[in-house]
Amino acid sequence: MLRTAAAALAIAGILGAVLWQGTSGLRAFTTEGLRRLSVMEQPRPLPNVRLIDMQGRELTLPDELGRAMVVEFIYTTCPTICVSLGESFAKLQDQIWMDGLADRIRLISISFDLARDGPEALSDYAQARGADGRLWIAVRPENDEALRALLTTFGVTVIPDGAGGFVHNAALHVVDRQGRLIAIFDIGEEPQVLAALRRQQ
Amino acid sequence: MKKSGATAGFQAAAGAGVIVALMLPFSRGRLEATLVGHVLVQMPLLVLAGWLLGSALAEKLERVMEQWNRFGVAGFTFAIFVMLFWMVPRSVDTAIAHTGYEIFKFAGLPCAGAALALSFPRTIPLLAGALKAHFVSMLAVLAWLYTAAPVRLCNSYLASDQKMLGAGTALFACAFAIYWALGPLFGLPKPQPTIASGAAAAREAPGGARI
Amino acid sequence: MANVSALVDRSTAVGAKPALTAVKLSMGLGGLALVLLMLLGLCMRLAQGGLLSMEPELFYEIMTAHGAGMVGIAALTGAGIMWFFLARHVQLTAAVYWLMLCCFLLGVALVLGAIFVGRFAGAWTFLYPLPAHSGGVWETGAAAVFLAGLLSIGTAFLLFYLETGRAIIARYGNLSQALAWPLLLRGSQDDAPPPAVVASAAVIVFNGIGIVVGAAVLAISLINLYAPSFTIDPLLAKNMIYFFGHVFINATIYMAVIAVYEIIPEYTGRPWKTSRTFAAAWSAIMLMVLAVYPHHLLQDTVMPGWALAIGQVVSYAAGLPVIVVTAFSLLVYLTRSGMRWDLASALLVTGVFGWTAGVMPAIVDAVIVVNRVMHNTLWVPGHFHFYLLIGEMAMAFGFMAWLTRADVPEGLPGASYWGFLAYLIGGTGVAVTFLIGGAMSVPRRWAVHVPEWFMQDRAAAFFALISIIGTIVLLGRYLARLAAAAKA
Ligand code: HEM
Ligand SMILES: [Cu+2]
């Protein structure tokens with residue numbers, strides 16, 4: 001029985017450690033949870049990629065340095081979660097104007113549907129949601145490579161839903177003035193997003 | 001309870017066959033395309049394959065098990081931790097993204113199955129029953145977790161998949177509950193010992209009535 | 001008398017009485033805890049009657065402790081009885097009983113800590129989402145400890161049923177044999193199981209299912225405490241919780257009644273055999289206990305109609321089969337054969353008839369029209385105090401009196417007589433005053449009552465005091481005799 005007890009303890013110890021590792025110390029049980037946790041603990045610098053905005057102009061993320069940002073990933077024909085994200089952004093936009101911080105913050109909607117979302121689609125999308133370009137802009141990465149770099153850094157997974165659309169993890173990503181992703185929040189957590197932005201000023 | 005070599009050989013072949021079949025790119029792709037396929041088909045099949053391999057090896061490992069796995073305690077510990085690990089949604093996601101995790105899955109789950117096969121026959125009914133009851137409860141809890149989750153738990157899968165996984169897990173829970181209830185309820189009556197001889201038998205049987 | 005000696009012989013033939021000490025200890029602990037919790041009950045009644053000032057927070061802590069504790073006591077004493085008599089027929093492992101007792105006591109410690117240290121006051125039914133919404137009265141941790149305590153108690157009984165189930169199967173082949181289904185279906189069965197085995201098998205089946213469901217809903221509630229965004233469908237939670245709670249509390253009396261089957265024959269000289277009707281009654285109960293809980297949900301208009309209908313129909317019928325079979329057989333005994341009276345037989349007979357009487361109000365309550373009005377009144381505590389106090393606990397005290405009986409017939413002299421009478425009258429009074437409160441539409445679980453209700457509150461307090469005196473006498477006798485036996 002002694003050997004069995006020793007074996008059981010050893011197994012529990014080793015596999016317990018594996019489990020501990022695999023859940024970041026019982027703090028992150030989902031990939032999404034892990035992403036949020038790791039961003040908090042270690043801000044991630046954004047890649048220097050070329051984007052095209054709704055007026056067809058080119059820009060890069062470092063162009064926006066000096067401003068804190070909130071980033072969302074969307075595709076313009078999304079009938080579901082992107083709509084909620086858009087509402088969330090609209091709320092943020094209103095509050096930021098009221099706080100008088102509009103010139104020090106950027107709201108960016110990044111489309112990952114390169115096949116369909118050209119400047120025109122983006123412009124329609126922006127208009128429908130009240131993104132007039134002063135505070136809130138809609139963009140798409142220049143090419144697949146740029147897109148992949150962005151998705152990897154942000155930890156966003158996009159999979160086709162089999163009906164012409166996509167399934168993707170939706171969140172509000174806060175980027176600090178040095179261009180580092182520092183926090184990720186859920187739809188509905190706008191107050192926390194605003195608090196994080198104010199801390200940046 | 002001697003098993004003929006042929007049975008053991010057949011079990012080993014079947015177990016290995018199942019694992020190989022699951023490793024083929026075709027079946028891997030198919031099964032891992034949906035949560036239900038991944039979690040409720042592929043993973044249980046891996047455990048089952050391990051169970052077959054474990055049963056085949058039971059006689060060879062008899063001496064080792066007698067020393068290191070009394071009452072199946074070590075084996076159960078192993079199987080519980082491995083299964084706990086694969087109940088975490090993040091592990092499921094990562095298995096798709098990282099080959100290392102995928103290999104760990106294809107190795108770990110069969111080992112867990114083998115551990116179960118090597119442990120159940122040597123344990124006492126009390127421990128076996130408690131484990132089964134907790135397993136059914138845990139499945140019910142998991143079914144609820146997947147159904148009630150306010151967000152997608154796995155980034156690689158659709159939300160509708162998650163609901164299906166919840167429903168499927170609930171079915172699994174019911175199926176196991178019924179399957180395990182049938183034995184005690186209607187199982188073939190064993191030869192009925194008188195009280196006195198029953199007591200003696202209980203004392204003799206390894207892992208019988210005594211702890 | 002030949003049969004009696006046969007019975008006695010058989011009980012000694014199995015020889016070892018596994019965990020007899022543990023059973024005696026359980027009964028003693030149960031009795032002591034009972035007195036304490038009855039005092040808490042008295043305090044609640046005094047507070048409701050305006051005779052004792054108590055903050056509502058404290059009232060609800062006390063109510064939680066009283067409810068959870070009493071259910072625990074009923075279950076523990078019932079389990080002690082079942083174990084003791086089952087050991088006459090099958091080979092049980094004493095260590096499991098001790099293990100069960102340890103898990104149980106650990107659970108009790110956690111529950112008490114959660115209530116009196118953590119100030120948890122969400123009632124023993126831990127109905128979602130109450131544990132998570134304390135309004136600042138208790139911390140999440142306290143609710144978690146409370147749930148963990150219940151989980152530990154549930155595990156204790158799981159182990160208990162696994163061991164008793166294993167032993168029954170080892171002896172009778174499978175549970176359907178132990179439920180006497182061959183007898184039920186074919187009219188005859190070689191080696192038919194005695195009533196104690198039939199009853200145990202039925203309880204093992206339905207309470208085993210209840211505990212598995214309970215463990216799941218407890219785990220779900222625990223997760224929800226720490227991850228509130230994982231919401232629980234409140235209706236599903238209520239279904240699961242009441243399923244578990246109802247089955248669990250029902251099981252207590254179905255375990256305790258085994259004492260009647262095993263002890264009464266010693267007084268009448270005729271063995272209590274498993275008949276076809278008896279087997280049918282217990283199988284019916286086993287299924288019905290599982291289906292009757294929806295009568296707790298009749299006020300939930302969102303429940304599907306068919307479920308409520310089943311709940312209602314089954315409620316009429318549930319409980320009846322076993323009660324009828326038991327009470328009827330007992331009546332036959334009482335009239336046909338010279339029943340020898342002493343404290344044990346008096347308490348056991350009281351238990352059966354108290355149980356019968358206690359079920360009547362439940363049947364009334366199960367009528368939907370009545371239920372809509374009554375279910376949240378004191379009518380409900382009236383019903384369960386009746387069958388727990390005059391039914392289950394009376395059987396437990398009967399068993400304790402029998403355990404400590406003298407070698408010679410001693411009748412019902414002096415202190416035993418008065419103790420019994422005080423218990424009976426006081427207990428009945430406690431239950432009946434609740435029923436009167438219910439008929440007056442006094443709501444259940446209100447810490448503060450309006451003066452119009454004070455009369456029944458105060459009468460209840462009076463009867464409670466009497467029943468507590470009776471309990472102390474019965475318990476004192478038990479403990480004193482155990483001590484004397486230990487010395488001898
Ligand atoms: C002296 C005897 C007793 C008295 C005075 C008493 C008193 C009370 C009172 C005042 C309540 C709260 C009623 C309300 O307003 O809702 C209550 C609840 C309860 N009692 Fe007793 N009781 C006694 C004995 C017992 C016994 C022997 C049991 C079980 C074995 C028991 C089990 C319960 C249960 C389960 C509750 C429900 C708690 C809840 O609603 O959460 N009681 N009792
Ligand atoms: Cu979308």
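Predicted model: local features only at pLDDT ≥ 70, side-chain atom pairs only at ≥ 80, totals over all residues.
Residues are numbered from 1 along each chain as its sequence is written, with chains lettered from A and ligands numbered from 1 in the order in which they are written. Local features need pLDDT of at least 70 and side-chain atom pairs count only at pLDDT 80 or more, while totals for chains, interfaces and linings use all residues, and side-chain values use heavy atoms, with hydrogens and water left out.

Trainee: How many residues of chain C are in contact with chain B?

Mentor: Contact here means heavy atoms within 4.5 Å. On that criterion chain B contributes 31 residues, and the number on the side of chain C is 36.

Trainee: What area is buried between chain B and chain C?

Mentor: The size of an interface is often given as the accessible area lost when the parts come together. Buried area is defined here as the accessible area (1.4 Å probe) that two parts lose on being put together, summed over both. Carbon and sulfur atoms give 74% of the area between chain B and chain C, and the total is about 2700 Å².

Trainee: Which element gives the largest share of the side of chain B that touches chain C?

Mentor: Helices (H or I, at least four residues) and strands (E, at least two) are DSSP runs, numbered from the N terminus. The elements giving two or more residues to this side are helix H8 (125–148), helix H9 (159–186) and helix H10 (195–204) of chain B. The largest share, 13 residues, comes from H8(B).

Trainee: What area do chain B and chain A bury between them?

Mentor: This contact takes 25 residues from chain B and 29 residues from chain A. Carbon and sulfur atoms carry 68% of the buried area, which comes to about 2300 Å².

Trainee: Which element gives the most to the side of chain B that touches chain A?

Mentor: Across this interface there are ten residue pairs in polar contact, both at pLDDT 80 or more, and zero salt bridges. Helix H4 (62–68), H5, helix H6 (89–97) and helix H7 (99–119) of chain B each supply at least two residues of this side. With eight residues, the element that gives the most is H5(B).

Trainee: Is B:Thr77 buried or exposed?

Mentor: B:Thr77 lies in helix H5 (residues 73–87) of chain B, and, leaving aside residues up to four places away in sequence, B:Thr77 touches A:Ala8, A:Ile11 and A:Ala12. Buried means under 20% relative accessible area, exposed over 50%, and partly exposed in between (1.4 Å probe, protein chains only). Because its relative accessible area is 15%, B:Thr77 is buried.

Trainee: Which helix gives the largest share of the shell around ligand 1?

Mentor: The shell has 24 residues, the closest being C:Gln48, C:His66, C:His385, C:Arg444 and C:Arg445, where a residue is near a molecule if one of its heavy atoms lies within 4 Å of it. A polar side-chain atom of C:Gln48 lies 3.0 Å from an oxygen atom of ligand 1. The largest share of the shell, seven residues, comes from H2(C).

Trainee: How far is a polar side-chain atom of C:His385 from a nitrogen atom of ligand 1?

Mentor: For C:His66, an N or O atom in the side chain is 2.8 Å from a nitrogen atom of ligand 1. For C:His385, the distance from a polar side-chain atom to a nitrogen atom of ligand 1 is 2.7 Å.

Trainee: How far apart in space are C:Ile264 and C:Val349, C-alpha to C-alpha?

Mentor: C:Ile264 is found in helix H10 (residues 258–268) of chain C and counts as buried because its relative accessibility is 0%. Beyond residues up to four places away in sequence, C:Ile264 touches several residues, including C:Trp272, C:Leu348 and C:Val349. C:Ile264 and C:Val349 are 85 residues apart in sequence, and their C-alpha separation in space is 8.6 Å.

Key
Polar contact = N/O pair within 3.5 Å; in protein donor to acceptor, adjacent residues only side chain to side chain. Salt bridge = Lys/Arg side-chain N within 4 Å of Asp/Glu carboxyl O.
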